[in-house]
Amino acid sequence: MKRLLWLLPACAVLGGCFSLQEEKPLAVPAPRLSAAQAAAGQKAQQLKEKKDKAKEFPTVLGGVVSSDRWVVYTAKEEEEFEGNVHYDNGTYAFRSDYALSQRKKNLFTARGHVFARTTDENGTLYTLQADHARYNYATGQGQASAQGKTPITLTYQTAAGDHVTARAQKAEFDTRQKIYILSGAAFITYQNAAGEESTLQADRITARQQDPYALLEGNAEVKNADYTLQADTLEYDGKNQMAYAYGQRPLAQGKTEDGTFAIIADKVTAQTATRQIKLSGRVQGWAVSDKLNRSKTN
């Protein structure tokens, strides 16, 4: 469950595409370097300059954003793009049917087949697909939403081969505070490099990346090949390595090396580091041990 949560920074791809932040390196005396070190340093500096250049926010977006129609409202400091809107600087890529840049409000809005993609310095690939998206590059806050039955889709793929896909009707995010919220039939699938898969689903999923912390509310379920945990509310506290399930009699069912089980209780508390589980309040259920059934004393 812990590793599933960090799909949600995929929302930040909109922030990556249009950022006003610019880093200014400090001038420091350069030490004496060998020819090989100097060459390596020069190559690293060139790479950094290329990345910094990609992050720059141009005075007029129309110079880098392609579209069928482009209108500039000088007094309002706004630019409107219609039809086949496209932007790709090698580091970030973006597409939509329509886009509006409002510089005075620090807002960038897009709608219609919205797609954004970026790769971070660790090789992690993020993508976002939605019908509508808005991002405030001054506050780092934004949202993406779906239209009709087609949900928004976010993906997160690491260089090591871990892959996460999330779908929901709406996503809200704060890239500064690293808080991400999926709502409306939120569903997350995680698959590691070995092909092992786990899923999370709920009416609403809230994640705080820095803690780390996650809250699944309404028809919550966590499932993998060995077990399923269902409850009205599931809560994960990564800082204290604890997980909780409560509301409407949580149900835990699955299998272990000793057999299968199904248990309900008023509350389930789990310590994630030791995998110890505590059930409290009207505990009921059954367990079948294959090992016991095969024993001579059975």
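Which residue lies over the face of Y98, and at what distance from the ring centre? R111 does, at 3.9 Å from the ring centre. This is a predicted model.

**Charges over rings**

R208 lies over the face of Y213. Here the distance from the ring centre is 4.1 Å. The table sets out these two contacts.

| Charged residue | Ring | Distance from ring centre |
|---|---|---|
| R111 | Y98 | 3.9 Å |
| R208 | Y213 | 4.1 Å |

**Aromatic pairs**

Rings also meet rings. A pair of aromatic rings is described by the distance of the centres and the angle of the planes. The count for this model comes to 3 aromatic pairs. One of them joins Y126 and Y156: the ring centres are 5.4 Å apart and the planes stand at 70 degrees, so this pair is edge-to-face. The two tyrosines come from distant parts of the chain, 30 residues apart. Y126 sits in strand β5, residues 125–136. Y156 sits in strand β7, residues 152–157.

Another pair is formed by Y135 and F173. Their ring centres lie 6.2 Å apart, and their planes are at 20 degrees, so the pair is stacked. Y135 belongs to strand β5 and F173 to strand β9, residues 170–174, so the pair ties together parts 38 residues apart in sequence. Y135 and F173 are both buried.

**Backbone features**

Where is the cis peptide bond? It joins D211 and P212, with omega at about -10 degrees. P212 is placed in the loop between β11 (197–208) and β12 (213–223).

Two asparagines have a positive phi. For N106, phi is near 60 degrees, a positive value in a residue other than glycine. N106 is found in the loop between β3 (92–102) and β4 (107–119). N106 is partly exposed, with a relative accessible area of 22%.

For N219, phi is near 50 degrees, again positive in a residue other than glycine. N219 lies in strand β12. Is N219 buried or exposed? N219 is exposed because its relative accessible area is 57%, over the 50% cut-off.

Note on methods. Residues are numbered from 1 along each chain as its sequence is written. This is a predicted model: local features need pLDDT of at least 70, side-chain atom pairs count only at pLDDT 80 or more; totals for chains, interfaces and linings use all residues. Side-chain values use heavy atoms; hydrogens and water are left out. Helices (H or I, at least four residues) and strands (E, at least two) are DSSP runs, numbered from the N terminus. Buried means under 20% relative accessible area, exposed over 50%, partly exposed in between (1.4 Å probe, protein chains only). Rings of Phe, Tyr and Trp (its six-membered ring) pair if their centres lie within 6.5 Å; planes under 30 degrees apart count as stacked, over 60 as edge-to-face and the rest as tilted. A charge sits over a ring if NZ of Lys or CZ of Arg is within 6 Å of the ring centre and within 35 degrees of the ring normal.
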